[in-house]
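The following note is intended for a colleague who is opening this structure for the first time.

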Amino acid sequence: MLCFVSSLRPSGREDVKNSDGPSLRENHVNLSVCFLNDSNVNLVSPEDESLRWDEADLPNLTERDREEAAETDGDLQSKRWRNIAAKEIVEKILSSKHGGGTIMNEYDRTKNLTDAARRKMINILAADMTDKYGTCPPKDVRVMYAQGIVALFPYLKDPFSKNGYEHFYDPDTGSGYLAWRLKTIQRKAPEHRDKSLTFCPSSVIRDDSVIPDLPDCDREDIQSKRQCRHDITAKVMVENILLSKHGGRTIMNEYNNSKNLTDATRRKMINMLAADMTDKYGTSPPKNVRVMYAQGIVALFPHLGDPRSKNGYEHFYDPDTGSGYLAWRLKTIQRKTSECRGVSGRSSPKLVGGPGQRRQPCVCEQAPTDEEVDGAIAVLKSSTEDEVVKEKMRMTFSYRHAMVTDPQKSCDVFSFFPRFLDTPGLIEQDFRFLFGEATAKKFLERWPTNFKRKVIKECHGLRLVPELLELLHTVESAAETENGWDGEMAAIMLLLHLLPPIPQGRKKPGRISASRALNHLVRFQKIGTTPEPISPSSQPHLLAVGTSRRNIQSFSVVIDDRVIPCKATSSVGAFDELFKAHFVFGRPYACHLSKMFTFVQTTIYNIDVGGTRESPRTAELRARMMRE
């Protein structure tokens, strides 16, 4: 369990600022972090029981907040201490590392961090974390570092997430910038590295002065005095664990009597040690921790050592093959944990927000009978009159929504409702039935007046490749560029550069650039020509028809090679209809555009906020734009 031990020197208001003495932080707050096994350890020491948050300490809380604070005094103080401690830790790390001061100065000036500065900060913190806790630090440590980032840099906090720091590290999904950097470090770290332990539990003896003199008989079997001390350290640790567990003393007594352990006793010992290991280091503890436990077993019970193996403890854990009793028990724990949490192996609820899920329509009307629905569908297949089509489409909306959210029936929607292919405006009508008038207007209201300007500003902080420079030139000047899009479409394309395609791993075609991903967003067709052949895809994209990319006569949404005319004639309006088509027809976002469309969905339309899986980059960009 990760605890934050703090001490605060109580003082009056006159002590808050003293020009002749140390700063407030130096005078009043002394914070440290340690690993403790005793769940009964109090956050505040017994002799400091007078330490409580009074009204002067909580100047910004409302009366309701004060009442809640009084009811949950311990929880409130614990949370505040964790925030303060995490902030101090991150600040101290950055202040002590080369370049960390520059990062803090940049934030002080701009209340923001560029992508380069954010990457540098993540690298510094991840390096510090691995130096102290190994390449697989416990989950609580990762949370502490993420918590410290948003406590030190509050404008980087995501206002739409549960805690605000999930884009740096999400304990439910194991994702975030810190998690990704740690995975990179783990991948690059040599597997054969024989590294001394960088951290030990608090129960392990570290002080050389308390380690007894080494017997001469032991020196003959140990290569160095340092290795011998490691054996004694591991021995003391395992002994303390067994003595603190129910039944552990019985195990030690059995060995003392028989110089051996039965299979049942050995299994019980392995279960105790594996449980202690997972409590302290998670279900995937670092290799050097597993070695330390195995080393401690044969140091405490020398007759259990294998005289024919290299180190004597390989049957408990072999670092070369990853096998042994401890390794097998850890795999069992991992498997049972995964089964308890579900197929995904995560404790978080499944995030199913976005297009494709069944929803309760915003407009509630009396449901038509099956005969009325069948009659309306028959009329739609023959009539092309706008008023009749819109009325019958309204009547059959619930039936159609159930069809598009059913994977077995969604491909038949154009056979039952062919008027989508020749009547503009039906996508907009269905979207309004689904989400309401206010939500349907959000993009057209908020993009031109607010988000467009912020997207352009953010793009100036990116690496200015030629394609990006061309788009910025088109947006910021009235000059026409050869084969270039108009300024409105170029601004939308800038958003894709801010939220580039996610890597596809080993899947083909792998990761593509933002410029190539634009072909999945919009395609141009010159009037009087045949469109370029494209690979069949169920994800919607725009087809722009005109004399040039700057002079588009009409837009259409293409789904399954079906062309649906757009009512809008502007680039912004056409993109708005493209986004809405995903929800109207229940089609998922194209993988190369998912970050961009998810940002539009949660940040601009405010649809399924908190219920949609988002990349850390999406949450980070939202945090920036919502704070401006």
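Throughout this note, buried means under 20% relative accessible area, exposed means over 50%, and partly exposed lies in between, with a 1.4 Å probe and protein chains only. The model is predicted: local features need pLDDT of at least 70, side-chain atom pairs count only at pLDDT 80 or more, and totals for chains, interfaces and linings use all residues. Residues are numbered from 1 along each chain as its sequence is written, and side-chain values use heavy atoms, with hydrogens and water left out.

1. Aromatic pairs. Rings of Phe, Tyr and Trp (its six-membered ring) are paired if their centres lie within 6.5 Å; planes under 30 degrees apart count as stacked, over 60 as edge-to-face, and the rest as tilted. A search of the whole structure on this basis gives 27 aromatic pairs. One of them joins F431 and F435, whose ring centres are 4.8 Å apart and whose planes meet at 45°, so the pair is tilted. Both F431 and F435 are buried. A further tilted pair is formed by F579 and F583, with ring centres 5.3 Å apart and planes at 50°.

2. The helices behind these pairs. Helices (H or I, at least four residues) and strands (E, at least two) are DSSP runs numbered from the N terminus. F431 and F435 stand four residues apart in helix 18 (residues 426-435), which means that about one helical turn separates them. An α-helix has 3.6 residues a turn, so residues three or four places apart point the same way. F579 is buried at a relative accessible area of 0%, and F583 counts as buried at 3%.

3. The aromatic cluster. Which residues do the ring pairs link into a cluster? They are F431, F435, F443, W447, F575, F579, F583, Y589, F597 and Y605.

4. Leaving out residues up to four places away in sequence, D430 touches F397, R400, F420 and V584, where contact means heavy atoms within 4.5 Å. A charge is taken to sit over a ring if NZ of Lys or CZ of Arg is within 6 Å of the ring centre and within 35 degrees of the ring normal. R400 lies over the face of F417, at 4.7 Å from the ring centre. R266 lies over the face of Y325, at 3.9 Å from the ring centre.

5. Helix 14. The expected span of a helix is 1.5 Å times one less than its number of residues. Within helix 14, V373, A376, I377 and L380 are buried. These residues cover an arc of only 100° around the axis (taken from the directions from the helix axis to the C-beta atoms), which puts them on the same side of helix 14. The face turned away from that side carries the exposed residues E371, D374 and S382. The buried residues pack against helix 15 (386-395), helix 16 (397-404) and helix 17 (413-416).

6. Helix 26. How many of the twelve residues of helix 26 are buried? Ten are, so helix 26 is largely enclosed by the rest of the structure. The buried residues include R617, E620, R622 and R624. Among the elements covering them are helix 5 (115-133), helix 7 (177-188) and helix 20 (442-459). Helix 26 (residues 616-627) reaches 17 Å from its first C-alpha to its last, close to the expected 16 Å.

7. Strands. Two strands pair if DSSP finds at least two bridges between them. Strand 4 (residues 541-548) and strand 5 (residues 551-559) are antiparallel over seven bridges, and two residues lie between them in a hairpin. Strand 5 is also joined to strand 6 (residues 562-565) by four bridges, again antiparallel. V557 has bridge partners L542 and I564. In the hairpin of strand 5 and strand 6, the turn residue D560 has a positive phi of about 55°. Strand 3 (residues 522-526) pairs with strand 4 in the parallel sense over five bridges, and K526 has G546 as its bridge partner. Six of the eight residues of strand 4 are buried.
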